[in-house]
Amino acid sequence: MNTISETRQKSLLYLENVSVSFDGFKALNSLSFVVEPGELRAIIGPNGAGKTTMMDIITGKTRPDTGTVLFEDAIDLTKKDEADIAQLGIGRKFQKPTVFESHTIWDNLELALNRDRSVFATLFYTLSPEDEARIEEILSTIRLSHRKDELAANLSHGQKQWLEIGMLLAQEPKLLLVDEPVAGMTDAETAETAELLKEIAKTRSVVVVEHDMGFIRELGVKVTCLAEGSVLAEGSIDFVSNDPKVIENYLGR
Amino acid sequence: MISGFVFRALEGKIVVAIAILLVIAILVPALNLLTPPDSALHIPTYAVSLFGKYLCYALLALALDLVWGYCGILSLGHGAFFALGGYAMGMYLMRQIGSRGVYGNPVLPDFMVFLNWKELPWFWHGFDWFVFAMAMVLVVPGLLAFIFGWFAFRSRVNGVYLSIITQAMTYALLLAFFRNDMGFGGNNGLTDFKDILGFPVQADGTRAVLFAMSAIMLAFCLLIASAIVRSKFGKVLVGVRDAESRVRFLGFRVENIKLFTFVVSAMMAGIAGALFVPQVGIINPGEFAPANSIEVVVWTAVGGRGTLIGPIIGAVLVNAGKSFFTGAFPEIWLYALGGLFIAVTLFLPKGIVGTVQHGLKARKAMKAAVEAEKGRDEAAPVAQAQAAE
């Protein structure tokens with residue numbers, strides 16, 4: 001009996017029996033899901049499986065009808081809104097790359113930097129040497145140092161994805177939720193993104209939602225397959241992809 | 001901290017614009033007062049008041065641009081804040097009339113005597129005092145914007161829905177101020193002003209000073225707006241405009257950001273209204289008309305939203321056009337205004353200033369590209385040498 005509370009205590013993110021429905025459609029059906037500190041986890045599943053809804057619930061965009069959502073075993077995320085949750089240390093990358101197109105790459109990162117975000121603090125903010133160093137560091141991580149003064153609108157699709165990941169890094173999150181990071185990327189970019197995420201996961205937990213099985217194989221991590229709002233299978237990529245239910249619901253289609 | 005905030009505001013074009021406004025603030029009154037009426041350089045008093053009016057409109061457009069151009073909130077009710085500032089000033093000017101009204105009542109303004117009121121309503125107290133009235137010029141529009149914004153932004157009313165509510169807000173105020181028992185002069189509003197700070201409102205000298213104050217306040221608000229826009233807060237504002245959810249997921253409280261900007265903008269609009277009223281000599285509920293607020297949007301769009309100079313140029317140009325057309329061809333003015341908005345939307349979506357800026361940038365980029373092309377042959381060995389190291 002102890003195992004459940006132990007899992008909970010150790011967890012960074014803990015979802016138990018989470019359900020939510022929209023107009024009678026059950027987007028999540030008593031979903032339970034645990035992420036440990038420092039874990040890199042991949043999530044797969046057919047369209048409508050509830051992957052994005054799950055992220056919406058974790059980041060406070062949607063409230064669950066029932067269920068428990070805990071961060072670090074203490075903080076009830078269902079009581080918080082997006083800004084609170086972001087400040088707690090959960091970063092989110094959207095499916096469609098969302099960066100500030102009319103700002104330079106540098107400014108995008110400066111805005112994302114984990115500093116006091118109140119109105120007056122931002123009005124009187126001046127760039128400190130530490131902040132500058134941190135931005136430079138992130139720029140080199142996401143391989144955009146040479147384009148830092150260009151507008152984000154001028155970046156390619158793949159580079160925008162990276163910039164968004166860079167912005168998440170600037171937030172210094174404990175947990176990173178990444179929705180389809182390699183959609184629309186070339187093979188070379190996909191491989192580089194896998195490296196980047198592995199690098200990031202060394203210092204924090206990362207949850208990646210992805211359709212690209214090759215990419216997930218490249219990540220080589222524990223995989224959770226969702227279908228119809230709950231967990232279908234969980235384990236290594238080989239284990240999950242050989243599961244008959246997964247083949248029937250997702251891979252076989 | 002504060003000095004950094006202000007210093008950042010003084011970017012090239014803004015310094016030039018502020019300098020021009022300050023020169024105008026001195027030059028126009030000087031040419032009006034110091035030159036003989038038959039001199040070629042003489043600016044007649046009616047023109048001083050007319051230009052002063054344009055400057056007030058420019059300030060109103062600047063205020064709107066702060067929320068619309070930078071934060072993406074299309075307010076179709078900014079005329080309400082302008083009118084409220086105007087009413088606050090109007091109430092002060094009414095109190096200055098004293099017993100010189102038609103009915104000669106030492107306490108009550110004429111319209112209250114006419115309505116058979118026996119004493120001054122509570123909300124008229126304090127307006128004898130200039131400082132109090134000027135505080136109300138900021139407080140009343142600011143408070144309305146705060147209450148309105150508090151509810152609207154917290155419940156995440158966005159886009160066209162928000163625009164419609166702002167329009168409803170100014171319309172509701174229009175209807176309210178039309179009522180005689182509101183205590184603001186009803187249909188006729190407040191007029192027949194005599195003095196401001198002891199100086200006769202109609203006098204040339206007073207008008208010149210009011211003009212100068214309009215130019216100075218516009219320059220001051222331009223400085224504030226520039227400081228806001230160029231701070232990190234300003235970058236967040238543009239972020240809210242372009243990708244609101246991203247800002248939210250970065251941990252910013254979008255509702256507070258919008259609320260702050262909306263209140264600052266409403267206060268600027270209030271200042272514009274307060275300077276407008278003594279120069280035109282009247283404030284009535286017509287200033288709350290929804291069409292007025294929409295006109296402000298047109299000025300801003302014509303000049304270039306999302307630029308600070310644009311709305312100023314737009315407001316002055318469109319209103320100068322309006323003065324000309326309504327004098328020369330009164331029946332076509334509204335068509336011209338409508339046509340102008342359509343033409344700008346179709347052909348100059350960035351407005352005048354936005355298009356010029358865009359053109360300059362494109363030319364610079366082309367030059368840079370040509371330079372790079374030329375320099376490539378010379379630069380190549382250097383790059384190779386660096387790579388070899």
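**Where the chains meet**

In this predicted model, 24 residues of chain B are in contact with 23 residues of chain A, two residues being in contact if their C-beta atoms, placed from the backbone, lie within 7 Å. On chain B, the elements giving two or more residues to the side that touches chain A are helices H1 (2–9), H9 (232–242), H10 (244–249) and H11 (254–280); helices are DSSP runs (H or I, at least four residues), numbered from the N terminus. H9(B) provides the largest share of that side, seven residues. By class, the side of chain B that touches chain A has 12 nonpolar, six polar and six charged residues (Ala, Val, Leu, Ile, Met, Phe, Trp, Tyr, Cys and Pro count as nonpolar, Asp, Glu, Lys and Arg as charged, and the others, Gly among them, as polar).

Now look within chain B. Helix H2 (residues 12–34) packs with helix H8 (residues 204–230) at an angle of about 180°, their axes 9 Å apart; axes are lines fitted to C-alpha atoms over the stretch in contact, and angles run from 0 to 180 degrees between N-to-C directions. That makes H2(B) roughly antiparallel to H8(B), a label for angles over 145 degrees. Among the residues making this contact are Leu21(B) and Ala25(B) of H2(B), and Phe211(B) and Ala215(B) of H8(B).

Leu62(B) touches residues including Leu222(B), Met268(B) and Ile312(B), not counting residues up to four places away in sequence.

Residues are numbered from 1 along each chain as its sequence is written, and chains are lettered from A and ligands numbered from 1 in the order in which they are written. In this predicted model, local features need pLDDT of at least 70 and side-chain atom pairs count only at pLDDT 80 or more, while totals for chains, interfaces and linings use all residues.

Terms used:
Parallel < 35°, antiparallel > 145°, perpendicular 65-115°, else oblique.
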